[in-house]
Amino acid sequence: MKIHFFIITFFLMLSGFSRAQENGMVPVKEGTFVPLYGASSKKPVLVKSFYMDVYPVTNAEFLNFIKKNQQYSKSKIKGIFADKSYLSYWKSDFDFGNADSKSPVTSVSWFAAKKYCECQGKRLPTMDEWEYAAMADEKKVDARTKKEFNEYILSWYEKSKTYENKIGQTFKNYWGIYDMHGLVWEWTSDFNSIFLSGESRKDKSSDKNLFCGSASVNATDLMDYAAFMRYAFRGSLKAQYSTRNLGFRCASSTKPKL
Amino acid sequence: MKKNNCILIKLLVYSLFVVLFLGSCKKEESKNYADIMTEGEMEAELTSPPHVPKPVGNRTAVKLKLNMEIKEQEGTMTDGVKYTYWTFGGSVPGSFIRTRVGDEVEFHLKNHPDNKLPHNIDLHAVTGPGGGATSSLVAPGHEKVFSFKVINPGLYVYHCATAPVGMHIANGMYGLILVEPEGGLPPVDKEYYVMQGDFYTQGEYGEKGLQPFDMNKAVKETPDYVVFNGKVGSLTNGGELTAKVGETVRLFVGNGGPNLVSSFHVIGEIFDSVHIEGGSTINKNVQTTLIPAGGAAIVDFKVETPGTFILVDHSIFRAFNKGALGMLKVEGKENKNIYSGTIQEGIYLPEGGTIQKMPGGSTAKTVVPKRTVEEKIKIGKEIFGTTCFACHQSEGQGIPSTFPPLAKSDYLNADSKRAITTILHGLTGEVTVNGKKYNNVMPAQNLSDDEIANVLTYIYNSWGNNKTEITPEMVKALR
């Protein structure tokens with residue numbers, strides 16, 4: 001009897017796990033942090049609890065999406081939604097060619113990424129959410145001051161073609177999320193709300209139309225080179241752009257439906 | 001009379017004024033190059049260092065189309081040391097750009113799709129916000145186009161100005177753009193492109209493997225490498241600049257920094273003229289010219305004698321210990337009027353002016369005591385520390401591509417007689433040590449037979465060498 005009970009609970013747990021994995025999201029608890037840019041007052045930003053995909057979206061998953069939403073295929077997507085490099089490494093509309101099915105999909109525009117998440121009943125994470133979830137290493141919610149953590153991120157910038165790697169091969173962070181660093185860059189919903197003009201040295205707080213993020217004036221941590229590069233990268237993008245190193249994952253404010 | 005005088009004075013003052021005014025008018029470069037009209041279109045020739053594009057000469061101002069690609073790529077800093085360089089046009093420094101005043105440059109900046117980062121370009125030759133950086137931030141897989149008119153003649157630095165600016169420069173994103181004056185620069189026989197830069201790696205100088213950028217060292221301004229043209233030995237071991245006796249040589253010298261200023265010097269040459277800081281002021285007969293980080297200089301000189309002339313940053317430890325060393329090889333006939341070479345080698349005794357005798361014969365023989373190997377090693381170590389270590393380094397590791405290693409050296413272990421003669425008579429020309437070629441000069445050392453025996457025994461019994469023992473008799477036999 002006891003053993004039966006145990007087995008049943010075990011199976012229940014197992015099915016619960018597999019469902020969670022199918023769904024592929026984990027909760028990230030509410031908290032505050034000071035982003036590199038955006039807080040000229042250097043006041044912490046509040047990030048409410050949300051759910052985040054464990055992995056970036058893969059080629060196989062994106063192919064599945066395109067089959068159902070053919071207006072987002074390579075040949076049919078409208079010019080205002082994607083530039084010419086959209087899915088440039090795909091052989092044709094429904095063939096990602098030599099790329100691995102478990103590698104992250106890249107060369108997608110912001111519009112396509114946004115649509116993908118909407119079709120899953122999700123959305124793109126905000127930049128604050130992304131940065132908040134990404135500041136965790138394996139053990140700490142905020143590992144930004146750890147030397148090894150920063151070196152790990154920076155070392156990724158020096159490795160080429162990491163977009164060819166499979167998802168889930170970097171480390172699992174505090175929240176249970178993989179690949180925030182070391183695989184590809186990722187779109188955020190408000191990637192251009194903080195705008196580094198091309199000239200990072202002149203971005204002063206007085207320039208109110210742009211964002212007040214000067215590399216030397218307004219950043220909270222001048223040694224956080226890794227973060228500088230992420231913000232600079234986002235600053236160079238437009239929503240119809242797609243690049244080979246840029247993928248995405250989805251988030252959700254509410255508990256994902258099973 | 002008085003009135004006449006007055007008129008005379010007035011006339012004098014007037015003519016003086018006219019002379020002064022005209023004189024100043026002639027001197028001043030008041031021409032407004034912004035108003036020069038361009039005629040026609042041209043594709044700009046881009047070259048990687050140490051080469052420069054053909055001189056502009058007398059051509060009219062044109063619309064100059066320029067395509068430059070940004071590539072993030074792995075390269076070699078020195079033997080066994082890899083580094084991920086970020087480059088303009090695939091080289092460090094980036095491609096050389098050659099224009100003339102009044103040209104309108106249409107700049108196409110392309111960021112290779114495989115690159116990870118956005119980049120832009122700030123050209124010091126541009127009059128406009130950010131030197132072009134504001135208009136040129138470009139994401140990987142994209143292209144930005146902007147144009148500018150070059151209105152000031154001179155030699156200018158360009159570099160990437162994307163956050164974090166220092167890191168982009170430290171990884172090699174800099175180069176030179178030349179704006180020639182009307183009519184061009186005076187013709188010379190050879191022109192070369194040399195640019196200094198400092199690099200910061202997590203490992204110390206020479207530590208093997210792929211070395212990541214070290215931001216702490218960059219902030220502290222303590223580089224591991226200070227080099228010409230992006231790596232140790234880019235201008236040695238086959239990369240030497242060359243010229244023939246009697247030719248005129250022009251070097252376009254830049255300094256990308258990011259931190260250090262350069263004391264640029266060519267050992268054994270005097271610069272006939274230097275465009276100070278790359279501008280219009282010309283200084284004559286200069287030994288060492290200061291090149292600020294983010295600055296440049298044009299140096300011209302005529303080579304009068306054959307030989308190897310060493311380019312250095314005369315902040316000299318950078319040259320011999322961090323890599324800031326290049327070579328200019330000049331071939332041709334010797335000119336004994338200008339340089340004799342060694343005429344005579346003799347004995348100098350500071351005791352005074354009486355007739356000196358060569359030591360030797362029956363009178364001045366000093367008896368060398370018998371020494372054990374341990375004693376020899378002990379004495380030899382001291383001699384090494386005062387005589388040999390500056391070039392061959394404390395652990396006999398040598399300096400890559402400049403001074404060969406003594407540690408585990410196949411060249412040394414193969415032939416102890418050759419080792420003795422090298423110390424006795426010096427060695428010039430190419431040698432291959434542990435598979436690497438070296439071409440430098442080791443002078444003959446003024447050491448006694450006993451001292452040579454001791455220092456060689458020390459070297460042979462250190463750092464994994466074959467433990468040969470050298471005796472004073474062996475040295476004497478070869479002297």
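Student: How much space lies in the second largest pocket?

Tutor: Please keep in mind that this is a predicted model. As a general idea, rolling a probe the size of a water molecule over the atoms shows where empty space is left. In the present case, the second largest pocket holds about 860 Å³ of space. Its lining comprises 32 residues, of which Ile267(B), Gly307(B), Thr308(B), Phe309(B) and Ile310(B) are the closest to the centre.

Student: Which elements give two or more residues to the lining of the second largest pocket?

Tutor: They are strand 19 (295–302), strand 20 (307–313), strand 21 (325–331), strand 22 (427–433) and strand 23 (436–442), and they belong to chain B. Strand 21 of chain B provides the largest share of this lining, with 5 residues. Sorted by class, the lining of the second largest pocket contains 14 nonpolar, 11 polar and 7 charged residues.

Student: How many cavities of 30 Å³ or more does the count come to, and what is the volume of the largest?

Tutor: The count is 7 cavities of 30 Å³ or more, and the largest cavity has a volume of about 70 Å³. Residues that line the largest cavity include Tyr205(B), Val232(B), Phe320(B), Leu325(B), Ile399(B) and Pro400(B). Also in that lining are Gly233(B), Thr236(B), Ser401(B) and Thr402(B). By class, the lining of the largest cavity has 7 nonpolar and 5 polar residues, and no charged residues.

Student: Let us turn to the interface. What area do chain B and chain A bury between them?

Tutor: The size of an interface is often given as the accessible area lost when the parts come together. Here chain B and chain A bury about 2900 Å² between them, and 64% of that area is on carbon and sulfur atoms. Lys116(B), His142(B) and Met215(B) supply 25% of the area that chain B buries against chain A, more than any other three residues. In terms of contact, 32 residues come from chain B and 35 residues from chain A.

Student: How many salt bridges does the rule find across the interface, and which side chains meet in a salt bridge?

Tutor: Over all chains the count is 28 salt bridges. Asp114(B) lies in the loop between strand 5 (104–111) and strand 6 (122–123) of chain B, and Lys161(A) in the loop between helix 5 (147–157) and strand 5 (185–186) of chain A, so this pair joins two chains. The side chains of Asp114(B) and Lys161(A) meet at 3.8 Å, N to O. Across the interface of chain B and chain A, the rule finds 1 salt bridge.

Student: Finally, the backbone. Which residues does a cis peptide bond join?

Tutor: One such bond joins Ala163(B) and Pro164(B), with omega about -10 degrees. Pro164(B) is placed in the loop between strand 8 (154–159) and helix 3 of chain B. Another joins Gly257(B) and Pro258(B), with omega about 15 degrees. Pro258(B) is found in the loop between strand 14 (248–257) and strand 15 (262–267) of chain B.

How values were computed: Residues are numbered from 1 along each chain as its sequence is written. Chains are lettered from A and ligands numbered from 1 in the order in which they are written. This is a predicted model: local features need pLDDT of at least 70, side-chain atom pairs count only at pLDDT 80 or more; totals for chains, interfaces and linings use all residues. Side-chain values use heavy atoms; hydrogens and water are left out. Contact means heavy atoms within 4.5 Å. Buried area is the accessible area (1.4 Å probe) that two parts lose on being put together, summed over both. A salt bridge is a side-chain nitrogen of Lys or Arg within 4 Å of a carboxyl oxygen of Asp or Glu. On a 1 Å grid over the protein atoms alone, a cavity is a set of points where a 1.4 Å probe fits but cannot get out, and a pocket is an open set with protein on both sides within 12 Å along at least five of seven lines; lining residues have an atom within 4 Å of a point. Grid points are joined across faces, edges and corners, and a volume is the space filled by probe spheres set on the points. Ala, Val, Leu, Ile, Met, Phe, Trp, Tyr, Cys and Pro count as nonpolar, Asp, Glu, Lys and Arg as charged, and the others, Gly among them, as polar. Helices (H or I, at least four residues) and strands (E, at least two) are DSSP runs, numbered from the N terminus.
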